[in-house]
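Hi everyone, thanks for coming.

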Amino acid sequence: MIVPLLGFLLGLAVGLFLWLGCQFRLEQQIKRILPELTSGSGLMRRFPERLVRAISHQRKHQYHLQQDIDYWKSILTCAPLGHLQVDDQNQLIWCNAQAYQLFGISPPELNSPRLLLEIVRSYELDELIEQTRTTQKPVEKYWNFQPIAPTVEPQNTQRSLKPKIALKAYSIPLSKGRVGVFLENRQELLTLANQRDRAFSDVAHELKTPLTSIRLVAETLQTRLNPPLRNWIDRLLSEVIRLSDIVQVLLDLSQLERGSTYSLNWKPINLPDLIRSSWIALEPLARQKQLQLQYSGPERLLIHGDEHRLCRVFINLLDNSIKYSPLQGQIWVKLSIEECPNSTTPSQKWVHLEVIDGGVGFPKTDLPYIFERFYRGEPSRARVLSSSQTSPALSSNSSDPPRTALTHSSGLGLAIVRQIVEAHQGWVKASNHLETGGAWIEIYLPQQPSGDLNKP
């Protein structure tokens, strides 16, 4: 009985000793933590202070963000451009005053979100937004919008049509499937452009008759005068012919801009033959500079178009290449069938025409404007005839009238090229060729233009 009792007492003593040791260590830890808590440097006191500071900082940041939002919203509200935003369901969620005016939307209509197509009846705008959301890239679009306004009679719920306005839209993708659209009213700009074109056309019509009379008088005197007086009449006649050509180009441009593709005389044309005939017409000029034409492409390629106007395109392009090419150079004309990169119908085949020369090329600053009428580029593209490039037959003597080495350019050649190509439902672009460094004109024409070409 004594041995078990001693074992029990011994175990009790060991347990009591261990408990006292744990209690002592706990008291030591409490003594070590307690001064930190009482002094305010402990974790329990620092945590609430940090939390309060973070909340205050977040509130200030949110306040500044709201100020930025209000600032940009006020700018969009007062901006001269229209702006609207739609959500991922194409519901109109915001619209500024200019967009109200463009689309004829009244602000009360936006009290609750509604589908954009219910408020603005423009399928072009709806298509633009969908394309932006799908591609997640900015998209630019031009179209003529037909505003619809409610009638003034309260008993009549029908809507009356307003005049169409030309719109330019630029859409950008936003977060959460939303899309923002900037809208520009281009109607006034187009009206001014039409007035300018009408003025050019009227002036051209007025100049045509007196120029014809002057030309007849000069041609009559040309056969009745002897040198050196005849040289003056020759120069006068050449300048009158040049002015007559400019007037005719202006009339052609006005006709193409006022009309449509139906003003063209459509028929099947073999393009390689037309290119060769255009080169033959300019061969005397090319022979003076000893230039060669290098053609690559099929020998037969039929296209529907106006033969006379397409011939004018080739003559203008080849004439520019001849004037800007160096002596004993080459001009490359390439013809092929391929898919147009700008085409919305991938199955349609397009004719790709390239005209390349070995001249100085276009200055980069001129490239965006070279198809504008009356635009003339940098002096590097000016046609200066040096003594080595001037034909002996063209040299002047003391009895000739003064002449300048800088030849003339009306700035209309490439403008009429673009108008004719666009009338054929194609497009044209200009750049500098990577290998030759010269001018590189590319034209895309549909083999079979769309629409009823025989429509009067």
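Now some ground rules. Residues are numbered from 1 along each chain as its sequence is written, and this is a predicted model, where local features need pLDDT of at least 70, side-chain atom pairs count only at pLDDT 80 or more, and totals for chains, interfaces and linings use all residues. Side-chain values use heavy atoms, with hydrogens and water left out.

Okay, the overview. The secondary structure of the chain comes to 10 helices and 15 strands. How many of the 456 residues count as buried, as a percentage? It's 32%, where buried means under 20% relative accessible area, exposed means over 50%, and partly exposed is in between (1.4 Å probe, protein chains only). Then there are contacts, meaning heavy atoms within 4.5 Å. If you take the contacts in the chain with a separation of 6 or more, 65% of them come from residues 24 or more positions apart.

Q425 is partly exposed, because its relative accessible area is 24%. Q328 also has a positive phi, near 55°, and it isn't a glycine either. You'll find Q328 in the loop between helix 9 and strand 12 (330-338). Is Q328 buried or exposed? Its relative accessibility is 59%, so Q328 counts as exposed.

Let's move on to how helices pack. Two packed helices are described by the angle between their axes and the distance between the axes. Here the axes are lines fitted to C-alpha atoms, for helices over the stretch in contact, and angles run from 0 to 180 degrees between N-to-C directions.

Take helix 8 (residues 271-288) and helix 9: their axes come within 9 Å and cross at roughly 45°. That's why helix 8 is oblique to helix 9; angles under 35 degrees count as roughly parallel, over 145 as roughly antiparallel, 65 to 115 as roughly perpendicular, and the rest as oblique. Helix 8 passes helix 9 in a right-handed crossing. On handedness, a crossing is left-handed if the near helix is turned anticlockwise from the far one by less than a right angle, and right-handed if clockwise. Helix 8 brings residues including L271, L274 and W279 to this contact, and helix 9 brings residues including L310, F314 and I322. Sorted by class, the contact of helix 8 with helix 9 has 13 nonpolar, 1 polar and 2 charged residues. For those classes, Ala, Val, Leu, Ile, Met, Phe, Trp, Tyr, Cys and Pro count as nonpolar, Asp, Glu, Lys and Arg as charged, and the others, Gly among them, as polar.

Helix 9 also packs with helix 10, at an angle of about 145° and with the axes 9 Å apart. This crossing is left-handed. Among the residues making the contact are R309, V313 and N316 of helix 9, and G413, I416 and V417 of helix 10. The tally for the contact of helix 9 with helix 10 is 7 nonpolar, 3 polar and 2 charged.

Let's zoom in on N316, which is found in helix 9 (residues 307-324). N316 is buried because its relative accessible area is 13%. Which residues does N316 touch, not counting those up to four places away in sequence? They are G413, I416 and V417. The N316 side chain also reaches the backbone oxygen of G413 at 3.2 Å; a polar contact is a pair of N or O atoms within 3.5 Å, and within protein one must be able to donate a hydrogen and the other to accept it, while residues adjacent in sequence count only if both atoms are side-chain atoms.

One last stop: L102, in helix 3 (residues 97-103). Its relative accessibility is 8%, so L102 counts as buried. Leaving out residues up to four places away in sequence, L102 touches F145, P147, I165, L167, L183 and N185. L102 and L167 are 65 residues apart along the chain, and their C-alpha atoms are separated by 9.0 Å.

Notes: Helix = DSSP H or I, 4+ residues; strand = E, 2+ residues; numbered from the N terminus.
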